Amino acid sequence: MQGDFKKLSEIKLGESAVIESFTDDTMKLKLLEMGCLPGEVVTVTRFAPFGDPMAIAVADSMLSLRMSEAANVLVSVRS
Amino acid sequence: MIKRLKVSLVGNPNSGKSTLFNRLTGLNQKIANFPGVTVEKKTGSMTINSGDGFDYQIDITDLPGTYSLYPKTLEEQIPFQVLCDPTNESHPDVTVIIADGTNLKRSLFLCSQIVDLKSPAILVVNMMDQVTKSGVEINFIRLSKELGIPVIPMNARDGDGIDFLKKAIISKITVPENDFIDTALFAPEVVQSIRQSVKLNSNYVAFQIANNIDQISFFNDRQERRAQIKEILNRHGFDHSIMQASETLKRYEVISLLVKQVVKAKNAIPSKEKTFTKKLDNLLMHRFWGYFIFLAILFVIFQAVFAWAAWPMEMVDEAFTWMSIKVHDAIPEGVFNDLLVEGILAGLGGVVIFIPQIVLLFTFIAILEDTGYMARVSFMMDKLLRRFGLNGRSVIPLISGVACAVPAILSARTIASWKERLITILVTPLMSCSARLPVYALLISLVVPDHKYLGIIGLQGLVLFALYLIGFIAAMGSALLMKFLVKAKERSYFIMEIPVYRMPRWKNIGYTIVEKVRVFIFEAGKVIVAISVVLWVLSSSGPGAAFKDVKSQLETADPADTQLQNHLAAEKLRLSYAGITGRAIEPIIEPLGFDWKIGIALITSFAAREVFVGTMSTIYSVGGSDEDIATVREKMMAEKNDKTGLPQYNLAVGWSLMLFYAFAMQCMSTMAVVRRETGSWKWPLIQFAFMGVLAYISSFIIFRILS
């Protein structure tokens with residue numbers, strides 16, 4: 001089933017996707033609290049100058065996370 | 001009649017909590033630490049007249065910002081401890097929750113957790129001006145009914161809504177009747193067993209205890225109870241990460257429905273703040289201009305701290321010289337006079353003189369933080385700093401370290417990963433703090449000629465810049481080394497919110513600075529003055545007949561014969577307790593080019609580095625009353641090496657001393673803070689040894705090369 005999903009770290013600048021699930025428990029709890037819930041739309045708004053970390057817009061706020069962290073978030077791209 | 005009430009303020013970071021706190025308490029604030037941890041505890045008070053004959057004295061505690069009750073960092077432990085543990089000394093009668101109206105969903109998450117604790121609470125929905133501007137309407141009556149607690153719209157910046165809040169605080173608040181969500185459903189047996197075992201207000205408190213059994217101080221005196229509950233958890237296979245995730249999802253599910261009911265976006269206008277933020281970010285986070293602007297800002301800060309502060313510092317210096325002379329003349333000659341002028345006043349002057357620099361530096365740092373810029377800098381620097389085992393958030397401690405390592409190390413608390421936080425704490429003292437500045441200034445003026453290149457760039461200024469650079473390079477190099485030596489306890493992460501840009505709240509900044517200065521004067525000041533007095537005693541008394549003999553010779557000597565006077569004063573110092581100590585360590589420091597007088601300064605500098613200058617003036621002017629640096633400088637310049645007969649302070653000794661001060665851990669306060677932040681003496685001692693070895697080797701090498 002995971003085959004249909006992409007990692008958040010693979011989403012390109014300016015593109016949006018829907019959060020599906022998380023592959024890391026600690027990260028999951030932290031992200032859930034901050035409003036990154038399954039079903040929410042995330043938009044990749046910026047990459048730091050060396051390509052890492054990334055900034056995402058989700059649920060009225062802008063969050064930053066490292067690429068290694070974003071790799072733990074599985075998303076589906078809307079067509 | 002006066003009634004007392006305890007109130008806690010709690011809310012997400014950037015929700016306007018400090019603004020509200022300042023609004024309520026004004027300057028009636030105190031900063032201390034929560035017991036056992038160095039998390040800042042801001043408390044304040046206000047009086048409310050209820051109009052029916054009662055005066056309410058309200059004690060307010062500002063809890064650190066948090067997104068949920070689940071503690072993830074040291075700071076987030078505090079709201080959890082205070083709110084979930086009814087025996088905590090700060091446990092409130094009323095909890096005031098501050099929500100960011102522009103991000104209601106996330107704010108309601110924390111709010112709903114507090115509602116389920118079933119203790120009196122009030123929700124304040126802040127930033128209503130922006131909510132209204134973006135065309136959004138919130139049905140507060142409905143919201144209040146659904147949550148079961150009073151809800152107050154507010155704009156804390158202008159003070160709108162403050163009076164309603166005050167009224168609400170003193171009115172009888174009933175505890176919410178219904179659970180927002182019933183957490184007992186997730187683990188019925190566990191919640192029930194815990195509630196049978198200890199008396200608690202709600203199912204949710206029991207659920208929280210189950211999740212954080214090791215963190216909650218509630219059971220610190222009742223370990224057998226803790227073991228009993230742990231046994232319950234084991235028996236039922238309670239998995240707290242599954243439990244927390246289920247709770248979070250359930251809460252957001254209910255909140256989403258609630259928000260749909262109470263929030264109406266009539267004609268949603270894209271918020272101006274967000275559009276502006278995006279435009280500004282395109283510039284400030286640009287791959288080239290972003291770094292360029294950051295460097296330019298740093299440059300301005302350095303210029304300000306060193307150039308603008310010079311004038312007020314001179315005034316402070318002159319004021320203290322004037323005072324010393326006045327006091328010296330007003331009180332009869334004698335031990336008391338000497339103690340007052342050479343011990344206490346000299347020590348006080350050494351403290352007060354740093355205030356202009358501290359005020360300037362903290363003003364800049366506070367503005368950068370308050371506007372939201374620091375979060376961007378952390379974002380831009382994370383990848384670079386990560387290579388050195390640090391974290392984007394290490395930027396703030398490293399920059400603050402230029403002022404003082406103590407608050408800098410405290411600001412490392414926002415780094416969630418233990419390893420990155422520890423490395424930041426360990427290397428921050430290598431950044432050249434403001435206490436090193438007087439030492440550098442004195443030594444540079446002694447050994448570096450006042451050349452000018454291209455008419456404006458001074459050699460002395462360049463050397464000063466080089467010393468700061470050396471400190472920074474040493475910090476990064478050490479971090480890299482420690483990255484391979486320190487074991488990671490958990491994976492590091494860098495999930496943080498990037499807030500929209502906001503105008504700095506000048507009042508908040510003002511309060512921050514007043515507090516920092518207050519802490520500096522009373523905390524650091526105490527130590528510095530005490531050391532000055534001790535040093536004065538040690539250098540003006542000594543054992544045995546030889547010291548007494550010289551002392552009486554000095555008292556009866558002809559005041560006009562300055563040569564004899566100076567000779568006897570130096571002899572007296574040599575025989576004093578301080579002199580004996582200095583001579584005892586001379587063999588160790590001799591390879592670095594230091595003599596016993598410098599030895600005394602090295603020992604006393606351990607109290608605080610700037611004591612070096614004071615010590616030098618005490619050593620070279622015991623008997624005189626002039627504390628002016630210029631005269632110390634002249635005396636040091638005239639000082640001859642006992643063995644060679646050449647000037648003692650030559651280029652080699654000067655550089656050796658400067659490098660020693662750049663690297664050595666000569667600060668008790670820093671070590672004390674590192675001990676508290678890391679929980680044991682292990683790390684400060686490692687740090688002390690590491691920095692000491694680094695200092696000794698560098699000084700030795702530079703001394704050999706230059707001499």
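Which residue takes a positive phi in the hairpin of β3(B) and β4(B)? B:Gly51 does, with a phi near 90°. The model shown in these views is predicted.

**View 1. The hairpin of β3(B) and β4(B).** Five residues lie between the two strands of this hairpin. B:Gly51 has its positive phi here. Strand β3 of chain B covers residues 40-49 and runs antiparallel to β4(B). Eight bridges join the two strands. One bridge pairs B:Thr47 with B:Gln57 of β4(B).

**View 2. Strand β4(B) and its parallel partner, β1(B).** Strand β4 of chain B spans residues 55-62, and strand β1 spans residues 2-11. These two strands pair in the parallel sense, over eight bridges. B:Arg4 has B:Gln57 as its bridge partner in β4(B). B:Gln57 is also the bridge partner of B:Thr47. Strands of a sheet pair through backbone hydrogen bonds, either parallel or antiparallel.

View 3. Strand β5 of chain A, residues 61-65, pairs with β12(B). Two bridges link them in the antiparallel sense. Which residue of β12(B) stands opposite A:Ser64? B:Met496 takes that place.

**View 4. Chain A as a whole.** Chain A holds two helices and six strands. From the N terminus on, the elements run β-β-α-β-β-β-α-β. The radius of gyration of chain A is 11 Å, close to the 12 Å that the globule rule gives for 79 residues, so chain A is as compact as a globular protein of that length. The C-alpha trace spans about 35 × 30 × 25 Å along its principal axes. Of the 79 residues, 57% count as buried. The accessible surface of chain A is about 3200 Å², with 50% belonging to carbon and sulfur atoms. Chain A carries 8 positive and 11 negative side chains, and the centres of the two sets lie 4 Å apart.

**View 5. Helix α19(B), buried along its residues.** Helix α19 of chain B covers residues 418-427. Is this helix mostly covered or mostly exposed? Mostly covered: 10 of its 10 residues are buried. Among them are the charged residues B:Lys419, B:Glu420 and B:Arg421. B:Trp418, B:Leu422 and B:Ile423 are also buried.

View 6. B:Gln666 sits in the loop between α29 (651-663) and α30 (668-678) of chain B. Why does B:Gln666 count as buried? Its relative accessibility is 5%, and buried means under 20%. Beyond its neighbours within four places in sequence, B:Gln666 is in contact with residues including B:Leu602, B:Ser605, B:Phe606 and B:Arg609. B:Phe660 and B:Tyr661 are also in contact with B:Gln666.

**View 7. Chain B as a whole.** Chain B has 31 helices and 12 strands. The C-alpha atoms fill a box of roughly 90 × 60 × 55 Å along the principal axes. Of the 707 residues, 54% count as buried.

Key
Residues are numbered from 1 along each chain as its sequence is written. Chains are lettered from A and ligands numbered from 1 in the order in which they are written. This is a predicted model: local features need pLDDT of at least 70, side-chain atom pairs count only at pLDDT 80 or more; totals for chains, interfaces and linings use all residues. Side-chain values use heavy atoms; hydrogens and water are left out. Helices (H or I, at least four residues) and strands (E, at least two) are DSSP runs, numbered from the N terminus. The radius of gyration is taken over C-alpha atoms; the globule rule is 2.2 Å times the number of residues to the power 0.38. Buried means under 20% relative accessible area, exposed over 50%, partly exposed in between (1.4 Å probe, protein chains only). Accessible areas come from the Shrake-Rupley method with a 1.4 Å probe; for residues, only the protein chains shown count as cover. The place of a charge is taken as NZ of Lys, CZ of Arg, CG of Asp or CD of Glu. Contact means heavy atoms within 4.5 Å. Two strands pair if DSSP finds at least two bridges between them.
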